Amino acid sequence: MVKFEEYHEDVGSMQKKLKFKGKYKEALISGRKKTTLRLSTELKPGDIVILEAGEEELGEAVIERVLDIRIEELTDKHAAEDGFSSKAELLRELKSIYGSSVLREGTRLKLIKFELRKGEVGEK
C-alpha cells in the first residue's frame, strides 16, 4: 500500500514542498520527470518549491503551470513528461496511488509542470 504522505504538498511551512516517492529521484534530477498529477493543489505558476524524493531534498523548482485535466484527456505525451513510457503505465501508477474507485472517467486532476533549478541538486 502506498502512503499518501509520499505524494502530498507540504504547504504549512514557509517553503512549499512537492514530494515524490524515492524511486523518482533520478527521473527528477535528469529532467525526465517534469510534471506531476495530483487530485488537488494549492500551488500556482511562479511558486518556488523544494522537490523532495523519499526523504531527500533535491533542490528548488519553479512551478511553470498548473492545468485542470480530466483523466480521459491524458495522452502518451503527458505520460512522457511525467517520466513514464506510456499513458497506460502512467494510469497504472496513478491507480496504485489513488485507487481505481477515485480514478475513473471524469476524474479531474491537476497537472503541475515544474523545472528543477540547475545547480540546486543536492545543495542544502
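How many residues does α3 have, and how far does α3 reach from its first C-alpha to its last? α3 has 12 residues and reaches 16 Å. That is close to the 16 Å expected at 1.5 Å a residue.

Start with burial. In α3, the buried residues are Leu-90, Leu-91, Glu-93, Leu-94, Ile-97 and Tyr-98. They lie on the same side of α3, because they cover an arc of only 165° around the axis. An α-helix has 3.6 residues a turn, so residues three or four places apart point the same way. Just after α3 comes Gly-99, with a positive phi of about 95°.

Now step back to the whole chain. The protein has 124 residues, and 42% of them are buried. It contains three helices and six strands. From the N terminus on, the order is β-β-α-β-β-β-α-α-β. Consider the contacts with a separation of 6 or more: residues 24 or more positions apart account for 69% of them.

How far can the model be trusted? The mean pLDDT is 87, and 84% of the residues reach 70 or more. Residues 1–9 fall below 50, although this stretch has 25 contacts in the model beyond near neighbours in sequence. Where pLDDT is low, the predicted coordinates should not be read in detail.

Next, the strands. β2 and β4 run parallel and are joined by five bridges. Across this pairing, Leu-18 stands opposite Leu-51 in β4. β4 also pairs with β5, here antiparallel, through six bridges. In that pairing Val-49 stands opposite Ala-61 in β5. The β4 and β5 hairpin has two residues between its strands, and Gly-54 takes a positive phi near 65° in it. β4 is mostly covered, with five of its six residues buried.

β3 spans residues 35–38 and is covered on both faces. Thr-35 and Leu-37 are buried on one side, Thr-36 and Arg-38 on the other. In a regular strand the side chains alternate between the two faces of the sheet. The partner of β3 is β6, residues 108–116, in an antiparallel pairing of four bridges. There Arg-38 stands opposite Lys-110 in β6.

The largest nonpolar core holds 28 residues, and Leu-51, Leu-74 and Leu-94 touch the most other members. Two or more residues of this core come from each of β2, β4, β5, α3 and β6. In soluble globular proteins, nonpolar side chains tend to be buried together. Leu-94 shows the links in detail. Leaving aside neighbours within four places in sequence, it is in contact with Leu-37, Leu-74, Gly-99, Leu-103 and Leu-109.

Finish with Arg-32. Where is its place in the chain? Arg-32 sits in the loop between α1, residues 25–30, and β3. Its relative accessibility is 48%, so Arg-32 counts as partly exposed; exposed would need over 50%. Arg-32 and Glu-81 are 49 residues apart along the chain, yet their C-alpha atoms are separated by 6.7 Å. Beyond its neighbours within four places in sequence, Arg-32 is in contact with Ala-27, Ala-80, Glu-81 and Gly-83.

Notes. Residues are numbered from 1 along each chain as its sequence is written. This is a predicted model: local features need pLDDT of at least 70, side-chain atom pairs count only at pLDDT 80 or more; totals for chains, interfaces and linings use all residues. Side-chain values use heavy atoms; hydrogens and water are left out. Buried means under 20% relative accessible area, exposed over 50%, partly exposed in between (1.4 Å probe, protein chains only). Two strands pair if DSSP finds at least two bridges between them. A nonpolar core is a set of buried Ala, Val, Leu, Ile, Met, Phe, Trp, Tyr and Cys residues joined through side-chain atoms within 4.5 Å. Contact means heavy atoms within 4.5 Å. pLDDT is the predictor's confidence in each residue, from 0 to 100. The expected span of a helix is 1.5 Å times one less than its number of residues. The arc is that of the directions from the helix axis to the C-beta atoms.
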